[in-house]
Amino acid sequence: MFEIMVGAVLTQNTAWTNVERAIGNLKSLDLLSLDAMGRLGRKELAGLIRPAGYFNVKAQRLQNLCDFLQRQGGEASLSRMADGPLREALLEVNGVGPETADDILLYAFERPVFVIDAYTRRLFSRIGLVAGDESYEKLRSIFETGLESSVDLFNEYHALIVRHGKYICTKKPRCIECCIGRHCRYLSKNRQSAEP
DNA sequence: ACCCAGGGTCATA
DNA sequence: TATGACCATGGG
């Protein structure tokens, strides 16, 4: 639970393999609990999550998240909130934007929320099902109204998007090689993988 | 040497 | 509201 929330912040614009190291540092010191991390100084926390990049910003964001969780009296009371209000509450935290909030909602609280990330946007705009420049909320609405509202379905769907999204060229909007499922020469072959 | 990685905030116009 | 600067490490 708490670990998932931490991961959601650490993975912002960052390869998951780098996040794993940061998580590993925290875990080895038994700091992956609200109680333990809450007592940690910002500088010290930043040093531990260094491999995840943006460590100063993210240390502050993690502390903001911890403060929020403590104010709410832990995850237990948050679990009782309805989807909408919980989402609004998460978005109040400085450093938690729409995608991070939805990551937390889907993976930590198991709410039926469709996460829109860079891969989703890129993949579906390449296919031609969306334009690509829609707002986050607009895209989320498209997916959530078009699909059965199911945590398991959203979970699997998103996993598939990430798995295939890696193989889509970021340089050329209309790359033929990528569109027919081959590796184009602009695409480094084995991108970093793994998933939370 | 360059591009990229499952974003978000803040300052500008 | 919309665009740009900034944050920073690790891998291909």
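Predicted model: local features only at pLDDT ≥ 70, side-chain atom pairs only at ≥ 80, totals over all residues.
Chain A contains 12 helices and zero strands. Read from the N terminus, the elements follow the order α-α-α-α-α-α-α-α-α-α-α-α. Of the 196 residues in chain A, 23% are buried. Where contacts join residues at least 6 apart in sequence, 57% of them link residues at least 24 apart. The chain is divided into domain 1, covering residues 2–108, and domain 2, covering residues 118–179. A distance of 25 Å separates the C-alpha centres of domain 1 and domain 2.

Helix H8 spans residues 98–108 and is largely enclosed by the rest of the structure, because nine of its 11 residues are buried. The buried residues of H8 are Thr100, Ala101, Asp102, Asp103, Ile104, Leu105, Leu106, Tyr107 and Ala108. These buried residues pack against three helices, namely H1 (2–10), H7 (83–92) and H11 (151–165). Just after H8, Glu110 adopts a positive phi of about 55 degrees.

The axes of H7 and H8 lie 9 Å apart, and the two helices pack at an angle of about 135 degrees. The crossing of H7 past H8 is right-handed. On the H7 side, the contact involves Asp83, Leu86, Arg87, Leu90 and Leu91, which meet Ala101, Ile104 and Leu105 in H8. Classified by residue type, the contact of H7 with H8 comprises six nonpolar and two charged residues, with no polar residues.

Helix H9 covers residues 118–127, and its axis comes within 9 Å of that of H11, with a crossing angle of roughly 75 degrees. Angles of 65 to 115 degrees count as roughly perpendicular, and H9 is therefore roughly perpendicular to H11. H9 contributes Tyr119, Thr120, Arg122 and Leu123 to the contact, while H11 contributes Ile161, Val162, His164 and Gly165. By class, the contact of H9 with H11 has four nonpolar, three polar and one charged residues.

Definitions and conventions:
Residues numbered from 1 in each chain as written. Chains lettered and ligands numbered in written order. Buried ≥ 20, exposed ≤ 12 C-beta atoms within 10 Å, placed from the backbone. Helix = DSSP H or I, 4+ residues; strand = E, 2+ residues; numbered from the N terminus. Contact = placed C-beta atoms within 7 Å. Domains from an automatic or database assignment. Axes fitted to C-alpha atoms, helices over the stretch in contact; angles between N-to-C directions. Left-handed = near helix turned anticlockwise from the far one by under 90°. Nonpolar A, V, L, I, M, F, W, Y, C, P; charged D, E, K, R; others polar. Parallel < 35°, antiparallel > 145°, perpendicular 65-115°, else oblique.
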